[in-house]
Amino acid sequence: MQASAILNSPAIRTPWPTVIGATVASSPVLCVSDTCKRRCPTLPACSTELNSGEHQCKYGVTFFVDFLHGQRVLVYGVRGEGNKTPFNRYTKDGLKGRSVRLEQFKEWVSSLTDLLSRVEKSFSERQAQMLDPLHDPMRLAKQVNTIANRLVQLHSNGASFEQQLDNSPFELKTLVKASDLLSDSFDLLAIYFNPDAATFGRKSAISAHGLVTKLIAIFRIDDGGITRSSARIFLTGTCYRNIFAHESFKLIPFALLSNAVKYSLQGNIEVVLNDRQQHVELSVTSVGPPIDDDEKVHIFEKRGRGRWAEKLVDGRGVGLYLAQLIAQAHGAHIGVRSNRTGAALDGMPLARNTFSLQFPIA
Amino acid sequence: MEQIVQFFNEAGWLANLLGIGGSLVGASWFGIGFARPRLAASRIDKVIPLDFERKWNDSSAKEIARIAIVDDQPADFPTAELKSDGFQVQTYKQVTLSKTAQLATYDIVFLDMKGVVKDDPENGGMKLIAELRRLNPAQKICAVSSKTFDINATAFFRQADDAKKKPLTAHECRAVIKTFLNEQFSLQVLRDTAQEATKKLTRDRRVTVVQNLRKFSKGELTIDQLREVISKMASDANLTYRLTNIARAVAHAG
């Protein structure tokens with residue numbers, strides 16, 4: 001929870017004039033000094049100070065700075081112990097009756113830190129209680145997925161899992177796809193609620209090519225329209241190296257492919273996987289709604305969606321956010337390029353969008 | 001002194017060579033013969049016999065390793081398959097915190113977070129993992145829980161050596177166990193442990209450790225007695241368990 005959210009509540013009055021982050025707290029117990037009102041009518045000039053402790057502004061007034069859960073807390077327009085500004089007819093109104101010691105300020109910040117910690121603890125406990133019913137469905141999803149994969153291996157012929165899947169009956173293919181999507185979606189959900197889950201367990205060697213090939217085989221399955229599918233996904237490139245990653249890594253290509261299948265409007269989805277000198281590079285290219293330059297950061301933020309994408313299909317703005325979060329947890333980064341093709345579909349301009357991941361080889 | 005010089009001057013060069021050289025060789029031979037058993041008595045790596053490498057392999061580790069599954073839903077583990085593979089597996093649906101010391105003697109523990117501790121079903125798993133870590137840092141723990149979404153469970157997963165989602169397949173279990181056993185019982189790990197102990201312990205303590213490791217190999221001590229002695233000598237729970245592993249491996253390789 002942001003400190004400003006609590007301190008801007010009318011239920012809480014700050015003891016002194018205060019700025020939290022960039023917001024001035026309303027109605028402090030000690031009103032804003034005349035000097036501050038006169039010299040800094042909109043925002044105190046001292047609100048740019050980043051060093052913690054007691055300071056004095058050029059108008060002879062003391063201000064204190066500290067940090068509360070990463071947000072800067074500024075108490076201004078007071079007279080600290082180190083303030084030697086003499087009283088005169090100009091400074092009297094701005095300094096009289098406004099003595100605050102650094103210790104008092106620190107005690108106040110400490111009590112706020114404690115309050116925020118309690119609120120956050122209570123929130124996380126409540127969240128854990130609310131999510132508790134997910135425990136069994138997650139177990140069952142994995143169980144169904146395991147059994148579905150085992151059935152493919154037992155009852156279908158083929159040299160690889162992809163071939164076996166290809167030779168499986170429609171119902172079994174559908175079961176594999178649905179259970180795989182369900183299981184991976186639950187994994188994404190777990191990381192959404194607890195980002196630390198991206199790095200649970202130890203890293204192990206994963207065949208990037210094997211993983212992407214299997215995912216493509218699953219996304220290609222046509223389950224009769226129950227989920228979106230695309231038989232137009234093609235994999236090219238050469239990658240023989242294993243990557244060393246947490247289990248969550250598989251969710252990155254899952255999220256990128258899922259995104260491409262969802263927003264692809266024309267042509268094929270091209271997946272390119274290549275060994276590079278220091279990394280493995282995965283790129284997913286499709287033609288869909290354009291991503292403007294000012295959206296290229298936003299679409300990777302929590303619940304962030306592109307303007308054109310929002311008009312096209314319903315979405316939560318979660319997949320790319322989680323893919324980036326998992327990539328960052330592995331010291332990698334996902335970049336995006338979007339070049340307009342010049343064509344349009346139902347009034348929507350089309351662009352060739354490429355999401356690329358460069359995964360470092362340890 | 002002059003008499004000695006005169007004696008050597010009067011003798012021929014060959015006589016001098018044989019006399020002085022022979023004396024030096026004899027003294028060295030006697031010195032080495034005297035020092036070798038004293039050195040060997042304090043060298044922990046000497047407990048590992050020369051032919052150990054030939055006798056020790058992955059399946060040997062499998063035969064001595066003890067595995068505990070602590071989960072209120074034991075059906076989530078392929079226990080029968082693991083047993084038929086030859087692993088020594090013990091399943092606990094619930095434990096009490098007072099039994100933690102017993103659980104700490106296992107080499108590998110698959111541990112669930114919730115509902116496994118009778119005294120505290122809600123947070124017992126968290127307490128249990130911290131206590132197991134304290135009692136036996138050499139133990140390998142695989143956290144098995146579907147509560148990855150719970151931010152309050154992060155500390156539980158972070159303390160484990162690995163984390164897996166339930167239900168576990170036999171393939172997943174075998175892979176986890178194989179990695180853990182390699183980290184506990186590979187020849188290199190056993191040798192590194194012996195070297196580390198040689199550096200850390202004083203000579204007197206090393207001698208006691210070596211004597212007791214040998215006694216265990218001959219069946220003159222139980223594993224608990226051995227652990228107790230080494231614990232006093234090493235004053236380090238991690239090193240204690242790892243040194244005990246050397247004795248178990250050597251005894252098994254026979």
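A crossing of two helices is left-handed if the near helix is turned anticlockwise from the far one by less than a right angle, and right-handed if clockwise. Helices (H or I, at least four residues) and strands (E, at least two) are DSSP runs, numbered from the N terminus.

This is a predicted model: local features need pLDDT of at least 70, side-chain atom pairs count only at pLDDT 80 or more, and totals for chains, interfaces and linings use all residues. Residues are numbered from 1 along each chain as its sequence is written, while chains are lettered from A and ligands numbered from 1 in the order in which they are written.

**Stop 1: a helix pair in chain A**

Select residues 208-220 of chain A, helix α8, and residues 251-263, helix α9. α8(A) passes α9(A) in a right-handed crossing. Their axes come within 10 Å and cross at roughly 35° (axes are lines fitted to C-alpha atoms, for helices over the stretch in contact; angles run from 0 to 180 degrees between N-to-C directions).

Now show the contact (C-beta atoms, placed from the backbone, within 7 Å). α8(A) brings Leu211(A), Val212(A), Leu215(A) and Phe219(A). α9(A) brings Pro253(A), Phe254(A), Leu257(A) and Val261(A). These residues divide into eight nonpolar, no polar and no charged (Ala, Val, Leu, Ile, Met, Phe, Trp, Tyr, Cys and Pro count as nonpolar, Asp, Glu, Lys and Arg as charged, and the others, Gly among them, as polar).

**Stop 2: the cores**

A nonpolar core is a set of buried Ala, Val, Leu, Ile, Met, Phe, Trp, Tyr and Cys residues joined through C-beta atoms within 7 Å. Buried means that 20 or more other C-beta atoms lie within 10 Å of a residue's own.

The largest core has 119 residues. Pick Ala323(A), Ile326(A), Val109(B) and Ile246(B), which have the most contacts inside it. Helix α9(A) gives the most to this core, with eight residues. Apart from it lies another core, of 22 residues, among them Val19(A) and Cys36(A).

Zoom in on Val109(B). Beyond residues up to four places away in sequence, Val109(B) touches Ala68(B), Val70(B), Leu103(B), Leu132(B), Gln139(B) and Ile141(B).

**Stop 3: between the chains**

The contact takes 20 residues from chain A and 17 residues from chain B. On the chain A side, α4 (102-131), α5 (135-155) and α7 (170-193) each give two or more residues. The largest share, six residues, comes from α5(A).

**Stop 4: chain B**

Colour domain 1 (58-183) and domain 2 (186-253) of chain B; the bounds come from an automatic or database domain assignment. Their C-alpha centres lie 25 Å apart.

Definitions and conventions:
Buried ≥ 20, exposed ≤ 12 C-beta atoms within 10 Å, placed from the backbone. Contact = placed C-beta atoms within 7 Å.
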